[in-house]
Amino acid sequence: MYDLLVVGAGPYGLSIASHAAAAGLNLRVFGRPMASWRDHMPDGMFLKSEPWASNLSDPGGRWGLDAYCAEQGLTARHAHPIPVEAFASYGLWFARNAVPEVDERTITRVSSGPGGFTAVTEDGQALHARTVALAVGVMPFIEVPPALRGLHPTLVTHSSHHSDLGHFQGKDVTVIGGGQAALETAALLAEQGTRVRVLARAERLRWNDVPPPWERPWWRSVRSPHSGLGPGWRNWFYAERPALFRRLPQASRSRIAATALGPAGAWWVRDRVERAVDLLPGQEVTAAAAVPGGLRLDLAGRDGSRRSLETEHVIAATGFKAHRDRLSLLSAELRGTLAALPDGSPVLGRSFESSHPGLFLAGLVTASGFGPAMRFVYGATFTASTLVQGVRRRLRSAPVRGAVSVPGTGSRSGSPSPVRG
């Protein structure tokens, strides 16, 4: 029986695995490393976060993005966005150097078992562990507007479904959403010769400003400090004090998680969008139906106006909703035991432990508990160290017959997988 199974090998899963291995836990890591970044984002996209705010986390701090870029001869400077493909390659480099060997099989089911949990792989192998950390990223939580649900994938897709936009070349595409995914997708489509428009509910699109210089007068830093989520004291609090954020009233936490750092485009994509994309803010899709050659969208304007348009395909860049019921790899019985907040996300303890003892969660699904930082790579550092501390406490507090002791608390049998350095 393992001490810990880490399910997911994105930035959060890999960071948790690195901290767990350094703590001497007997663990296994499952998932295709950096799968969302490699398989669900088209070439040409850039990382919106600053390079210095995009590190995966290892306890010694040896395997940061700056070290990878230095080794590869790449630039990692403030206010210089990093290509998504370079970030994905960095994650693979981190996995090779800072994490025990990753098993790329998919875990299809996690259920309660004797003394902990039973996880089943895609090829039917059952594994047993005392604790489990789910770091499944955003893909289970895809959100599509109700009016577009049920339409065939040849007509409607989510922005995360595309690693290659080339098959839309020369077509007419409507992108729905006002955030970075929508706007950068639209820019890439326009630049390859696609006729593209963006529909957004907001009356006007929002654009992030160019970040202030890294080196600046002290008084400007005091007025608006840098943080991993952008400049300003509010962003600094979200980025640097997740444990304090968790102490806010639950209603405040849920509201902030849903609204803070809302849809906006990066400063470096604005000109690319405004010069080439038809922008239709203040519009919401009320109905959609298949028609010859594509689909018809019925729109309602914020001013009460009504109109329709036809398009060959809709890409819904409408984000993700982290709801407990979408954690479908959990058995129905286990999923049903999880206490949930009013927004549907799971209730978490101070160490990312769910209401089911030994089941820990990481990433987007924890944003209502620990704040907006959990929607970004930057949150992985706090999550990894805090979650692994919680795993160790759980292992000490609930020993089972035949289980190994936690390193530092007594003798143990077996040894963790080696970390390649």
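Modeller: Here are a few labels with the reasoning behind each; note that the model is predicted.

Biologist: Why is Asp 103 called buried?

Modeller: Asp 103 has 15% relative accessibility. Buried means under 20%. So Asp 103 counts as buried.

Biologist: Where is Asp 103, and which residues is Asp 103 in contact with, leaving aside neighbours within four places in sequence?

Modeller: Asp 103 belongs to strand β3, residues 102-103. With those neighbours left aside, its contacts are Arg 28, Val 29, Phe 30 and Gly 31.

Biologist: Why is Trp 233 called partly exposed?

Modeller: Its relative accessibility is 46%. Exposed needs over 50%, and buried needs under 20%. Trp 233 lies in between, so the label is partly exposed. Trp 233 sits in helix α7, residues 233-240.

Biologist: What makes up the nonpolar patch on the surface?

Modeller: Trp 218, Trp 219, Val 222 and Trp 233 form the patch. Together they have about 510 Å² of accessible area. Helix α6, residues 218-223, gives the most, with 3 residues.

Biologist: How do you know that the span of helix α13 is close to the expected one?

Modeller: Helix α13 covers residues 380-397, which is 18 residues. From first C-alpha to last, α13 reaches 25 Å.

Biologist: What do the buried residues of α13 pack against?

Modeller: They pack against β1 (2-7), α1 (11-22), β6 (126-134) and β15 (359-361). Among these buried residues are Ala 380, Leu 387 and Leu 395.

Terms used. Residues are numbered from 1 along each chain as its sequence is written. This is a predicted model: local features need pLDDT of at least 70, side-chain atom pairs count only at pLDDT 80 or more; totals for chains, interfaces and linings use all residues. Side-chain values use heavy atoms; hydrogens and water are left out. Helices (H or I, at least four residues) and strands (E, at least two) are DSSP runs, numbered from the N terminus. Buried means under 20% relative accessible area, exposed over 50%, partly exposed in between (1.4 Å probe, protein chains only). Contact means heavy atoms within 4.5 Å. The expected span of a helix is 1.5 Å times one less than its number of residues. Patches are made of residues with over 30% relative accessible area and no salt bridge: like charges are joined within 9 Å, nonpolar side chains (Val, Leu, Ile, Met, Phe, Trp, Tyr) within 5 Å. Accessible areas come from the Shrake-Rupley method with a 1.4 Å probe; for residues, only the protein chains shown count as cover. A salt bridge is a side-chain nitrogen of Lys or Arg within 4 Å of a carboxyl oxygen of Asp or Glu.
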